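Colleague: I'm new to this model and would like a close look at a single part of it. Could you pick a spot and show me how its surroundings connect to the rest?

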Amino acid sequence: MISITVTALVFGVVFLAELPDKTALAGLVLGTRYRASYVFAGVAAAFLLHVVLAVAAGSVLTLLPQQLVHALTGVLFLGGAAVLLFKGDEGEEEIRTPADQSFWKVAGTGFMLILVAEFGDLTQIMTANLAARYDDPLSVGLGAVLALWAVGGLGIVGGKALMKRVPLRLITQIAAVLMVALGVWSLYEAFAA
């Protein structure tokens, strides 16, 4: 059974954390060069793989004592908030263009770009933490993959327009505040028990 509350919470946290990331920029660049649906297919498949790996890792963490899991996730959330607040601007990554515009070439380029760029990324670690925290892999996985697909889609279709309307720094600060709140709550649960 899927928890709408957990799914919505995960969606919000992952969406806000991923929006200022390089993925939106990569999707925007690919979306301007190639057919958007082809790019999205590759990007979506890569995000799905990342979420499955993250949820599996988080599910393994649920085998540890709850107090330890809460302490670990609390520290990791606070660390993630610090990364969001104090990271420098990342340079644009080079995006290789496929020789032709066939579905498999374009989708493959989007898949490989996201697979490599996002492996071990903050949102993948956050998804593992959330899976461990809520012990609800289906709800966490659904929320995370929908958030990543939404960011990928926004980047492909109109990330540039969104960034003109909403300051990137504000999005980053909101994501960091949510992560601090989750971190403090997890630490409270770890040491209040």
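Modeller: Gladly! Let's start at Asp135, which is found in the loop between H6 and H7; helices here are DSSP runs of H or I with at least four residues, strands are E runs of at least two, and both are numbered from the N terminus. This is a predicted model, where local features need pLDDT of at least 70 and side-chain atom pairs count only at pLDDT 80 or more, while totals for chains, interfaces and linings use all residues. Residues are numbered from 1 along each chain as its sequence is written, and side-chain values use heavy atoms, with hydrogens and water left out.

Asp135 has a phi near 45°, a positive value in a residue other than glycine. Asp135 counts as exposed because its relative accessibility is 52% (over 50% is exposed, under 20% buried, in between partly exposed, with a 1.4 Å probe and protein chains only).

Together with Val10, Val14, Val39, Met126, Val140 and Met179, Leu130 touches the most other members of the largest nonpolar core, a set of 37 residues (buried Ala, Val, Leu, Ile, Met, Phe, Trp, Tyr and Cys joined through side-chain atoms within 4.5 Å). Two or more core residues come from each of H1, H2 (22-33), H3, H4 (66-86), H5, H6 (122-134), H7 (137-165) and H8 (168-192).

Val10 and Val14 bring us to H1, where they are buried along with Val6, Thr7, Val13, Phe15, Leu16, Ala17 and Glu18. The ends of H1 agree with expectation, because its 15 residues (4-18) should span 21 Å at 1.5 Å a residue and the end C-alpha atoms are 21 Å apart; the expected span is 1.5 Å times one less than the number of residues.

H3 has 26 residues and reaches 37 Å between its first and last C-alpha, close to the expected 38 Å. Its buried residues include Val39, Gly42, Val43, Phe47, His50 and Val51. H3 (36-61) packs against H5 (103-118) at about 35°, with axes 7 Å apart; these axes are lines fitted to C-alpha atoms over the stretch in contact, and angles between N-to-C directions run from 0 to 180 degrees. On the H3 side, the contact includes Tyr38, Val39, Gly42, Ala46 and Phe47, while Phe103, Val106, Gly110, Phe111 and Glu118 are among the H5 residues.

Leu154 lies in H7 and counts as partly exposed because its relative accessibility is 33%. The C-alpha atoms of Leu154 and Gly31 are 10.0 Å apart, although 123 residues separate the two along the chain. Trp185, in H8, counts as partly exposed because its value is 44%. The C-alpha atoms of Trp185 and His70, 115 residues apart along the chain, are separated by 8.7 Å.

Stepping back, the protein chain has eight helices and zero strands, running α-α-α-α-α-α-α-α from the N terminus. Buried residues make up 46% of its 193 residues. Of the contacts between residues at least 6 apart in sequence, 93% join residues at least 24 apart.

Terms used
Contact means heavy atoms within 4.5 Å.
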